[in-house]
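Let's take a friendly walk through this structure. Have a look at it first, and then we will visit a few places together.

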Amino acid sequence: MEDVLLEGRDLKKYYPVTKGLLQRTVGWVRAVDGVSFKVERGKTLGLVGESGAGKTTTAKAILLLERLTSGNILFEGKDLYQFSQSQLKTEYRPRVQSVQQNPWSSMNPRMRVRDIVAEPLVVNTKQSKKQNQSRVLELLEQVGLNSGHAELYPHEFSGGQRQRIAVARALALNPSLVVLDEPVSALDVSIRAQIMNLLKDLQEQYNLSYLVIAHNLATVRYMSYNVAIMYLGQIVEYGEAEELFKRPLHPYTRALMSASLLTLPEDDGQGTEQIILSGEMPSPLNPPSGCRFHTRCTEAAPKCSQEVPPLRNVGGGHEVACLRV
């Protein structure tokens, strides 16, 4: 039986589009439009899609940086929007941390590493300075750095080392869930595997849950237990990572795999099937009718422009929103 740490139910986030001196609302940007998912305890959910798919907006809602238009986020079965401000401060925020894409921009260049890593402890706990510094040295060691690094400034580190510092800071409060927003995309290819292995080791050690946001399918395949493919604010395919990569069903998922040079099952070792999508992702201000992907889909039928495909189970927890499957 699955042990769900965090669950999103029919999440929607619409941004108003205003016009004129009176700032009259003339439309809505549907950044996230009916997204549901589960993050199991000790496991990783990968959220994949092009820029503008709604991945980061979903993450911001989980981190309470954006207020949802509608929908519910449940943490250990409790609705976040029923929490008081005091409960959010003590029961939720310390247990849900994040690591951003660019480790340089997420750190104060005027602060030493010891103070950067200790900041969550200073804000959220009443420990002594000595206890905080002891915890900082412990964290730095866990992410592959040493006590000498605590006295340095961010500019004195490489990109990979800065990301290790960001991971140490995220772990300071012993969180249950860490949101990883493109955690390795800003790093050199040679460093990416080191950071991903570090994250997997820490997950095993502390039974951490991860929400990994990425557009690189190879990263997601390596890191994730479950994967959700997003397109234009909606999830179009969802399932266990190995099942989804062995049997991609949605045309968009197959196109992403082709663009990532991942071999599709029917290729039989003869090389990757080339799927070239035409045009760009439509505007979330005025999404297409029916299936939102039909304007770019190579397999679209007339009914695809009229009927909205439900996300349905096709076996083994593998879900897909496509009328042709």
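## Some ground rules

Buried means under 20% relative accessible area, exposed means over 50%, and partly exposed lies in between (1.4 Å probe, protein chains only). Helices (H or I, at least four residues) and strands (E, at least two) are DSSP runs, numbered from the N terminus.

This is a predicted model, in which local features need pLDDT of at least 70 and side-chain atom pairs count only at pLDDT 80 or more, while totals for chains, interfaces and linings use all residues. Residues are numbered from 1 along each chain as its sequence is written, and side-chain values use heavy atoms, with hydrogens and water left out.

Which residues of helix 6 are buried? They are Ile 195, Met 196, Leu 198, Leu 199, Leu 202 and Gln 203.

After helix 6 comes Asn 207, with a positive phi near 55 degrees.

A search of the whole structure finds zero disulfides (a disulfide is a pair of cysteine sulfur atoms within 2.5 Å). For Cys 291, the nearest cysteine sulfur is that of Cys 304, 6.1 Å away. Cys 291 counts as buried, at 13% relative accessibility.

Cys 322 is in no disulfide either, and the sulfur of Cys 304 is its nearest, 6.3 Å away. Cys 322 is buried, with a relative accessible area of 8%.
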